[in-house]
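Reader: I would like to go through the salt bridges of a protein. Please show me the sequence and structure.

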Amino acid sequence: RTSQQIHSDKDGPAPPSPSNMADLDDSEAIIGEGERDQFLEESSNAVDKEDDDHQHEPKYKIKWLRYILVLGNPPALTHRQWMVFSLLSLAGFFSVYDDVLRAVCIDDIQRSLDISESDLPWVVTVIRCGAIPSFVLTLMADVMGRKPLLLLTISMYTLMTALTAVSFNVYWFVITQFFGKLFLMAEFLISNVAIIEEFDAGTRGWAMGGMGAMATAGGGFALCLYAAASGSTYGWRILFMLGVIPLAALTYFRRQLPETRSFDERDNRDESEMADAEGCERCSVAMTQLWIPISKLFEEASGLALLFGSMLFIYGLASHPAAFYQFKFLEEERGYDALDIFLLGVFGGLIAVALYASLGSWSDKYGRKPFFISAFMVFFTTGLLVFNVNIEALIPIFWILFAGCGFGLEILSMTIISESFKTESRATAQGFTTVCYVVGTILGLLIEGVLYQRTGEHSQSLSWLLIIGFICPVLALFVPETFREHLE
């Protein structure tokens, strides 16, 4: 029965529908032309509100969180949103903790596993290649859902971290870190997609900023522990094993994580086989449907995908060698010791994380692009200054800006990419652009190795690559503004 028939039964004659409104003359119309236009516009805006899914759920603030400076001033959220944010941000904290350990403990790992200086770029390159197969897992997230893949990635990453701690030679270390990088990258990408899909348009920036703040805090925590364990034969192994305990606990609690509403409500006509399958059969069905999100991505937004892919390729090529060698450069060419790096990381990290959530909230109000373009400019400028300025007192200031903008660019790029594509191909877009970024980082490390052999100094070879990075803010000018936009 139509809504007009129901209305007629209860309240008499039904109001005119859009189809018969045109048949009424001006004297019979219930509302005037101006009022009708206003009504239709308001109705359209109401349909586009991101928080329709949460309008019947009470929102509340957790007051004591304001004293955790890394999260800024948290907005009122639903119970479901608080749960999703907690489970994903805590996992991000301990995942980045493990990732930073590999960078700061690189000298100890070299000595322990007898890795030569000439072999180090190849070791790092192979490990970085682990991020490329993560594209397959992001495809599966667009087919199977976010929740099962988030459970898989954190479980396997926890296992790889434990196996890394007991590495007995360089080959074992490279294999475990290769697969660890695979699952870590997939975890990071799918977590960001889940946050974007669960939060309203007015709070997505804060949520992504909070995720970045927690991740940065995890890196700072790793630096603190490194200061106490550096130089020890088994120090880096103990630090990796310490990260396994909370990750294992989060793996257990993450079973409560719900599937995102956007994924549940998407328009998917290819789901009938998937709905009837269970367990391993569901995975095999998913593997046969991996082409669907790829085809949708390049049919509907090929130009946008190529724009983001090109920009992140150049960013990876220009920035990753500097990010990887930054601590080694400070130790060998600036005379920093473990305590100096610890203090630098702590004070710089405190400033960076204090700004993250605030910047996320500001991007919800003023837009993503201004902060995105500015972060690119500041990142590459301060990077050049860190590796070329000889005034010791200025290096910590430049490094804090360099590192802070680097973390901020990760969060901003993930946010803008997630908001620019539809649910059916959102994780696939993240995976595609990440593959472009990783290929850029691998090529950048190889080019840096060649330049280092010719110049004999990391500062010169890294500076040449950083100069190339100024292409990124130019490409960012063509990126769409996505704040306050409906995800679909």
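Reader: Is Glu-197 buried or exposed?

Author: This is a predicted model, in which local features need pLDDT of at least 70, side-chain atom pairs count only at pLDDT 80 or more, and totals for chains, interfaces and linings use all residues. Residues are numbered from 1 along each chain as its sequence is written, and side-chain values use heavy atoms, leaving out hydrogens and water. Buried means under 20% relative accessible area, exposed over 50%, and partly exposed in between (1.4 Å probe, protein chains only). Glu-197 has 6% relative accessibility, so Glu-197 counts as buried.

Reader: Which residue forms a salt bridge with Glu-197, the closest N and O atoms being 2.6 Å apart?

Author: Side chains of opposite charge can pair when their charged atoms come close. A salt bridge is a side-chain nitrogen of Lys or Arg within 4 Å of a carboxyl oxygen of Asp or Glu. At 2.6 Å between the closest N and O atoms, the partner of Glu-197 is Arg-426.

Reader: How many residues apart in sequence are the parts that Arg-426 and Glu-197 tie together?

Author: Helices (H or I, at least four residues) and strands (E, at least two) are DSSP runs, numbered from the N terminus. Arg-426 lies in helix 20 (residues 426-455) and Glu-197 in helix 9 (residues 170-198), so the parts tied together are apart in sequence by 229 residues.

Reader: What is the relative accessible area of Lys-328?

Author: Lys-328 meets Asp-107 in a salt bridge of 3.5 Å, N to O. Lys-328 is buried, and its relative accessible area is 5%.

Reader: How many salt bridges does the count come to?

Author: One of them joins Arg-204 and Glu-419, at 2.8 Å between the closest N and O atoms. By the rule above, the count of salt bridges comes to 12.
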